[in-house]
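Hello,

Here is the structure I promised to pass on. Please have it open while you read my notes below.

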Amino acid sequence: MNSAEAPATAPAPATAPATAPATTGLKIRRMGVFLGAEVTGLDLAQPLAAPQVDALRLAHAEHGVLVFPDQKIVAEDLKRFGRYFGTLSVHPFSTNAADSPELIVYDNKEGNPPAPTDIWHTDETFREAPPMGTALCSKVIPAVGGDTAFVSMSAVYEGLSDRWQRFLCGLEAIHDFKPFRSLFPNDRDGIQKMRHYEDIYPAVTHPLVTVHPITGKKVLFVNPQFTLCIKGMAEDESRMILDFLFRRTQIHEYQYRHHWQPDMLVFWDNRCTQHSALHDYYPQRRLMERVTIAGTRPVSADPPADPKDLRRYLMPPLAEFRARGQAVKRQLDT
Ligand SMILES: [Fe+2]
């Protein structure tokens, strides 16, 4: 039996030995209890060997967030790093570099405030196949502020009571690019453009509880930025359940808060984490470069729930009461 007060599972000691084989040269040091690890012993300005990539792929899944300090790399190095793990994807709503659409440059400073990323989210779950990971590299860091908070969604799932876990089995949620809708002005041209994006990115359904393809752990896969509602459920029930689940990310024990230094690369696993970028530094300057690695469709931990189980009556059918012998006979009943 788990609760908010009890850790999701008994964590291994924070001094757990490195998981990478010694021959790879990687040193992995855990930084958070449920997620976050520092990786040293690599120079990402140089190509990696296949065993190093294999070790990183496992560490990424196991720790959720990998931090590579002191990496003086250029955009080409960042793109090469991302390609070790899959195809780089292009964010449809972000300010991509003109000559390299896979690269996003965030240059936030006076007059250019950050986009609304200071809300818990998993990147781009409005896609049928959301990205498997995101790699973000720091170039200019504010003197104070600008941390990124992460939370383990497998810890959030494990921290639910057995009853809640059973209840969520088989439920599905609808995700939409809703925070980006405000980018389109409410005029004829803007509405036309938004409809164009709606055709390309219609609202998608993802399981509420997914299985991580590498670790096999169950993950709670909803986030307040993109998840609209639970499919097939009455709106007020759906809202209540999602609000409850969203609040679970606020449990400190499930989080790792990352404090940036210049020339740091952070590579997170979108399949089992959420993050929120703090905007407390603005209007100081914060310059970052990002690539995103395409993923696969999230896989459900359970078969879809029977739609009949999600049905709700505004008023219980009278026949139900008759059957139990509890109905009060109304004037017109025969
Ligand atoms: Fe994000």
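**The largest pocket**

In this predicted model, 33 residues line the largest pocket, and Ser94, Tyr106, Ala115, Pro116 and Thr117 are the ones nearest its centre. β6 gives the most, with four residues. The volume of the pocket is about 670 Å³. By type, its lining divides into 15 nonpolar, 13 polar and five charged residues.

**The iron site**

Next, the metal. The iron ion is coordinated by NE2 of His121, OD of Asp123 and NE2 of His275, at 2.2 Å. Along the chain, the donors follow the spacing H-x1-D-x151-H. His121 sits in the loop between β6 and β7, while His275 belongs to strand β16, so this pair ties together parts that are 154 residues apart in sequence.

Are the two histidines buried or exposed? The cut-off for buried is under 20% relative accessible area. His121 has 4% relative accessibility, so it counts as buried. His275 also counts as buried, at 4%.

**Aromatic pairs**

There are 21 aromatic pairs in the structure. One of them joins Phe81 and Phe267 edge-to-face, with 5.2 Å centre to centre and 80 degrees between the planes. Phe81 lies in helix α2 (residues 75-83) and Phe267 in strand β15 (residues 265-269), so the pair ties together parts 186 residues apart in sequence. Phe81 is buried, with a relative accessible area of 2%. Phe267 is buried too, at 0%.

Phe93 and Tyr201 make another aromatic pair, this one tilted: the centres are 6.3 Å apart and the planes are at 55 degrees. This pair links distant parts of the chain, 108 residues apart. Phe93 is in the loop between β4 (88-89) and β5 (96-97), and Tyr201 is in the loop between α5 (188-200) and β10 (204-207). Phe93 counts as buried at 12% relative accessibility. Tyr201 is buried as well, with a relative accessible area of 16%.

Best wishes

Key: Residues are numbered from 1 along each chain as its sequence is written. This is a predicted model: local features need pLDDT of at least 70, side-chain atom pairs count only at pLDDT 80 or more; totals for chains, interfaces and linings use all residues. Side-chain values use heavy atoms; hydrogens and water are left out. On a 1 Å grid over the protein atoms alone, a cavity is a set of points where a 1.4 Å probe fits but cannot get out, and a pocket is an open set with protein on both sides within 12 Å along at least five of seven lines; lining residues have an atom within 4 Å of a point. Grid points are joined across faces, edges and corners, and a volume is the space filled by probe spheres set on the points. Helices (H or I, at least four residues) and strands (E, at least two) are DSSP runs, numbered from the N terminus. Ala, Val, Leu, Ile, Met, Phe, Trp, Tyr, Cys and Pro count as nonpolar, Asp, Glu, Lys and Arg as charged, and the others, Gly among them, as polar. Donors are N, O and S atoms within 2.8 Å of the metal (3.2 Å for Na, K and Ca); water is not among the atoms, so sites may look incomplete. Buried means under 20% relative accessible area, exposed over 50%, partly exposed in between (1.4 Å probe, protein chains only). Rings of Phe, Tyr and Trp (its six-membered ring) pair if their centres lie within 6.5 Å; planes under 30 degrees apart count as stacked, over 60 as edge-to-face and the rest as tilted.
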